[in-house]
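The numbered points below should be read with the structure in view.

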Amino acid sequence: MPRTPVERRWLAGHLGLVYLFLYGPIVVLIVLSFNKSGLPTAWTGFSTEWYGRLAANPAILAAARNTLIVAVGSTLIATAIGTLLALGLETVRPGPVLEGLVFAPMVIPDIVLAIALLSFYALLNVSLGLHSIILSHAVFNIAFVCAVVRTRLKHFDKSIVEASIDLGAGEVTTFFRITLPVIFPGVLAGALLAFTLSVDEFIIAYFTSGAGRASTTFPMQIYAMIRFGVTPEINAVATIVLGVSFTLVLLSQRLNRDFVR
Amino acid sequence: MTAGPVLEIEGATKRFGPVAAVDRLSLAVDENEFFALLGPSGCGKTTLLRLIAGFEQPDEGRIRLDGRDITAVRPNRRPVNMMFQSYALFPHFSVHGNVAYGLEMEGLHGAELKRRVAAALDMVRLGDLAGRRPHQLSGGQRQRVALARALVKRPRVLLLDEPLAALDKKLRGEMQLELKRLQHETGIAFLVVTHDQEEALVMADRIALLRDGRIAQLGTPRDLYERPANRFAAGFIGIMNFFAGRLAAGGVAVDGLGLLPAAVGGVAAPGTPATLAVRPERVRLVPMLSAAGSGGGLVGTVEGIAYLGQDLLVHVRLAGQAAPLIARLPSGSAAAEGLSEGAPVACDWPPEQARVLTD
Amino acid sequence: MAAAERLRRLVLLGPGLGWLGLFLVVPCVVVFAYSFFERGVYGGIDYVFTLDNYARAADALYLSIFLKSARIAALTTFAALLVGYPAAYLIATGPKHRQLPLLILVMLPFWSNYLIRTYAWIVLLNREGLINRALTGLGWIEQPLPLLYNDFAIVVGLLYGYLPFMVLALYSSISRLNPEMREASADLGAPAWRTFLRVTLPLTLPGIGAGSVFVFVLSIGNFITPDLLGGGRSVMVGNLIYDQFLTARDWPFGSSLAFLLIGVMLLLLFAQAWAVRRGQEARADA
């Protein structure tokens with residue numbers, strides 16, 4: 001490559017700064033979460049006090065429980081429907097309209113989707129609560145699961161489906177014994193992605209949760225804490241959330257990589 | 001066992017849009033026969049195979065197996081199995097699992113299942129690889145697993161889609177003989193789709209040469225090679241010399257070359273446009289001392305000599321002809337010794353070895 | 001057999017398309033319909049047809065917010081390009097076995113909670129935040145800089161959120177470049193910077209286009225960053241829509257704003273798709 005070592009060093013330095021930019025704030029939060037004083041102004045010693053306070057905070061625990069319910073619910077729905085959708089799209093040749101429809105939930109600004117769903121629910125007089133959040137989250141999760149599974153399907157040798165039928169298996173048997181096991185890493189990766197997105201999602205949950213405290217999700221709780229009352233527990237919250245996200249994403253990556261072999 | 005053919009196709013037509021991939025095609029495959037569907041890409045051979053397997057439905061026509069109409073029968077219920085071009089092995093099953101799959105679908109299990117799987121693997125000589133996964137096998141081994149998987153179900157007909165296309169030349173030669181052996185051993189009718197005419201000649205008992213969805217010629221390898229019925233068949237199989245001219249007594253009259261001898265059937269009237277077709281190995285070359293007349297026979301100039309080891313392929317330029325005459329003779333023969341590039345040479349052939357085609 | 005095929009398609013496509021139809025298309029149609037009605041006295045909907053909402057949106061006040069959003073989004077996109085291109089370039093032209101890990105490292109923050117990441121910048125940028133303390137500590141400034149609750153903070157927050165996206169888009173374009181083209185350029189006598197300007201940059205235009213459109217579109221519709229980092233006023237379109245729905249309770253007007261936003265987005269996406277197709281045709285002719 002016609003590039004001098006000097007150039008490479010400049011570029012490498014730049015890349016290092018980029019990583020610093022990306023991870024610096026994260027590291028700061030993690031460090032702060034262990035700061036005894038809990039304030040960014042002074043480091044007064046290592047402490048897990050804030051994690052302890054967190055565990056005893058009923059509002060946060062309730063919000064976490066709600067988020068878990070919503071995430072699991074919307075992920076289950078989205079994984080099943082999204083996988084079927086991906087399989088369907090790969091058998092027909094989807095025109096631009098169909099592609100656009102399946103792509104739309106991923107690009108539409110979340111605030112627009114939030115108000116649209118709220119208007120829709122209001123019009124139908126649907127009661128709002130965790131269930132409406134689950135239905136709403138499933139919308140973009142279906143699109144994401146579908147996208148991930150479709151990528152996996154590009155490497156899928158369709159003739160093994162025909163081979164299975166040729167050997168005497170019916171459609172349903174073929175789906176459960178051949179198709180699903182072979183695409184399973186992709187399905188799992190999609191599910192993990194959907195779970196992560198649902199856990200992190202704020203604005204749609206905020207609009208479609210209704211007024212009750214019983215349907216406050218974790219991000220809604222975090223937003224309230226940031227906006228209206230910053231306590232040091234939030235750093236502990238942040239660290240835990242980051243840890244969980246990173247683990248899930250790395251796991252999802254691992255699954256996808258193992259299969260591309 | 002029924003006395004008739006095991007597989008019959010009657011007037012099958014399959015259209016994709018305005019194009020008929022298979023066009024009113026009829027043929028019959030006998031029991032214990034090695035049958036080849038040969039043709040260039042796009043001729044409809046793969047479509048026909050998929051019609052027999054049941055993955056496509058014919059727009060017109062019927063398909064019968066042992067006399068029974070199976071046109072409406074779903075592919076997983078037909079006693080017909082296929083070896084796919086990509087082998088289509090299940091990546092998440094072992095070799096044993098792959099071969100056992102079809103038997104499991106029949107409801108077989110336990111010791112009987114294991115016995116039949118083992119027998120099938122032994123037949124393709126893969127007995128000690130039963131525990132391996134497909135990605136751990138070579139291309140040739142994967143193919144044999146695909147064969148075993150289909151054969152273990154003892155279908156009435158085994159369909160093979162370009163079975164040797166993915167193999168290198170040496171392996172291809174070995175597998176050709178291997179497939180013949182398997183067919184003899186199992187007694188199952190094999191229906192092979194291929195675009196390689198040499199392969200079809202080596203392996204098949206009978207060949208159907210397809211073109212644009214129709215049969216151009218159906219016969220034994222010898223029939224197709226020595227008695228091609230039309231220009232397409234003559235040109236597709238092996239190398240052939242063609243001379244365009246008009247029918248005359250005793251042969252074909254070609255402008256600029258005179259009467260070329262051939263066995264004329266006598267059905268068509270003299271003067272009809274006809275093509276004379278003669279194989280390179282039937283052409284006799286006699287080196288001439290000079291370009292002076294050799295008694296009115298065909299005279300040309302040697303344009304090039306290709307050494308093939310055992311044989312020579314000689315290109316002879318003839319006056320007024322665009323394409324050279326190609327002759328094949330053994331390297332060690334007397335005629336071969338006398339040949340050199342640029343030298344004049346006299347060409348002829350036994351009239352009964354030249355065919356006259358009027359299509 | 002055709003009936004079986006149709007059943008198959010229904011089972012596979014039905015649930016997904018049905019869900020998206022019911023929970024995406026219909027709500028959007030509802031919003032579109034609302035934008036043509038009037039706001040009721042108590043905050044509901046008065047089903048009287050009017051174009052007033054769109055007329056109001058063209059008002060100087062709201063127009064300026066739209067323009068401001070576009071300006072901030074453009075700044076973010078530009079910054080993302082400047083910062084992201086060298087990073088993507090180094091990764092794409094580096095050793096093959098390091099590319100995936102480096103990319104994953106870039107993308108990882110993208111998958112964590114957006115709120116948390118934005119909060120981190122509140123910590124860093126405020127008057128007693130780490131950056132100001134570091135700068136005063138080093139003696140570079142006397143007074144703490146107003147880094148938070150302004151446009152600067154919003155751009156930083158948006159850049160932080162969407163930079164990984166840009167790097168990924170650029171990487172995918174740069175890594176597809178044939179290295180022999182650069183070598184050919186050098187062989188023909190071009191110095192490195194000219195090779196970059198005349199060979200590398202033009203050939204990676206598709207990646208630049210894709211990345212830019214996505215970062216712009218995501219930035220202009222963003223709500224959280226301007227809300228947390230912008231100072232709590234209706235700074236950008238997202239905040240405006242939020243206010244109309246939850247504070248002013250003027251759903252029709254909010255709907256019209258939402259639809260204008262979607263309109264801008266679709267325009268950009270179509271323009272990009274058209275440009276991509278033009279580029280492909282041009283390359284096919286070459």
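1. The contact between chain C and chain A takes 62 residues from chain C and 61 residues from chain A. It should be kept in mind throughout that this is a predicted model.

2. On the side of chain C that touches chain A, the elements that give two or more residues are α1 (2-34), α3 (60-93), α4 (96-107), α5 (114-125), α8 (179-187), α11 (224-229), α12 (237-246) and α13 (251-285) of chain C. Of these, α1(C) gives the most, with 17 residues.

3. What is the make-up, by class, of the side of chain C that touches chain A? That side has 48 nonpolar residues, together with eight polar and six charged ones.

4. Two packed helices are described by the angle between their axes and the distance between the axes. For helix α5 (residues 110-124) of chain A and α1(C), the angle is about 85° and the axes are 8 Å apart. Angles of 65 to 115 degrees count as roughly perpendicular, and α5(A) and α1(C) are therefore roughly perpendicular to each other.

5. The residues that meet in this pair can be located in the structure. From α5(A) come A:Ile115, A:Ala116, A:Leu117, A:Ser119, A:Phe120 and A:Leu123. From α1(C) come C:Phe23, C:Val26, C:Pro27, C:Cys28, C:Val30, C:Val31 and C:Tyr34. By class, the contact of α5(A) with α1(C) has 12 nonpolar residues, one polar residue and no charged residues.

6. Chain A also touches chain B. That contact takes 14 residues from chain A and 18 residues from chain B. On the side of chain A, α7 (159-166) and α8 (171-200) each supply at least two residues, and α7(A) gives the most, with six residues. The residues of the side of chain A that touches chain B divide into eight nonpolar, three polar and three charged.

7. Chain A itself may now be considered as a whole. Chain A has 11 helices and zero strands. Its C-alpha atoms fill a box of roughly 70 × 65 × 30 Å, taken along the principal axes.

8. What percentage of the 261 residues in chain A is buried? Buried residues make up 49% of them. As for contacts in chain A between residues at least 6 apart in sequence, 79% join residues at least 24 apart.

Terms used
Residues numbered from 1 in each chain as written. Chains lettered and ligands numbered in written order. Predicted model: local features only at pLDDT ≥ 70, side-chain atom pairs only at ≥ 80, totals over all residues. Contact = placed C-beta atoms within 7 Å. Helix = DSSP H or I, 4+ residues; strand = E, 2+ residues; numbered from the N terminus. Nonpolar A, V, L, I, M, F, W, Y, C, P; charged D, E, K, R; others polar. Buried ≥ 20, exposed ≤ 12 C-beta atoms within 10 Å, placed from the backbone. Axes fitted to C-alpha atoms, helices over the stretch in contact; angles between N-to-C directions. Parallel < 35°, antiparallel > 145°, perpendicular 65-115°, else oblique.
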